[in-house]
Amino acid sequence: GNIRIEGKIIGNIKSKSKIALGNSSHIEGNIIAQNADIEGQVRGRLEISELLVLKSTSVINGDILTGKLVVEPGAVFNGTC
């Protein structure tokens, strides 16, 4: 099912559905999911099969592989897409 994270995780996250990362989230690892909404920080590779939304408070340090990408003004992305 859907996963919402508001804390810190060191390790990989995998879901067959949607992952939502809150503003206070900090992830150090790879994320694999169908859809994702990111407001926090991620250090790792993002593999999202359908839709990835980077909110204005998000900071991504890593590569992105996705079907569709939405980037709001203010989002920070360092990596390849």
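Start by selecting Glu 47 and Arg 45: the two form a salt bridge, with their closest N and O atoms 2.9 Å apart. The term here stands for a side-chain nitrogen of Lys or Arg within 4 Å of a carboxyl oxygen of Asp or Glu. (Buried is under 20% relative accessible area, exposed is over 50%, and partly exposed is in between, using a 1.4 Å probe and protein chains only.)

A word on what you have open: this is a predicted model, where local features need pLDDT of at least 70 and side-chain atom pairs count only at pLDDT 80 or more, while totals for chains, interfaces and linings use all residues. Residues are numbered from 1 along each chain as its sequence is written, and side-chain values use heavy atoms, with hydrogens and water left out.

Next, pick Arg 4 and Glu 6. Their salt bridge has its closest N and O atoms 2.8 Å apart. Arg 4 is exposed, with a relative accessible area of 52%, whereas Glu 6 is partly exposed at 41%.

Now jump to Glu 72 and Lys 55, whose side chains meet in a salt bridge at 3.9 Å, N to O. This pair links distant parts of the chain, 17 residues apart: Glu 72 lies in the loop between β10 (64–71) and β11 (76–78), and Lys 55 in the loop between β8 (46–54) and β9 (59–61). Strands, like helices, are DSSP runs numbered from the N terminus (E, at least two residues, for strands; H or I, at least four, for helices). Glu 72 is partly exposed, with a relative accessible area of 29%, and so is Lys 55, with 24%. In total, the model has 4 salt bridges.

Time for the cartoon view. Which strands make up the open sheet, and in what order? Colour β2-β5-β7-β9-β11: that is the order of the 5 strands, with parallel pairing. Two strands count as paired if DSSP finds at least two bridges between them. At the edges sit β2 (8–10) and β11, each pairing on one side only. From one strand to the next, the twist averages 5°, taken between axes that are lines fitted to C-alpha atoms, with angles running from 0 to 180 degrees between N-to-C directions.

Last stop: zoom in on β7 (residues 41–43), which pairs with β9 in the parallel sense over 3 bridges. Select Gln 41 and look across to β9, where Val 59 stands opposite.
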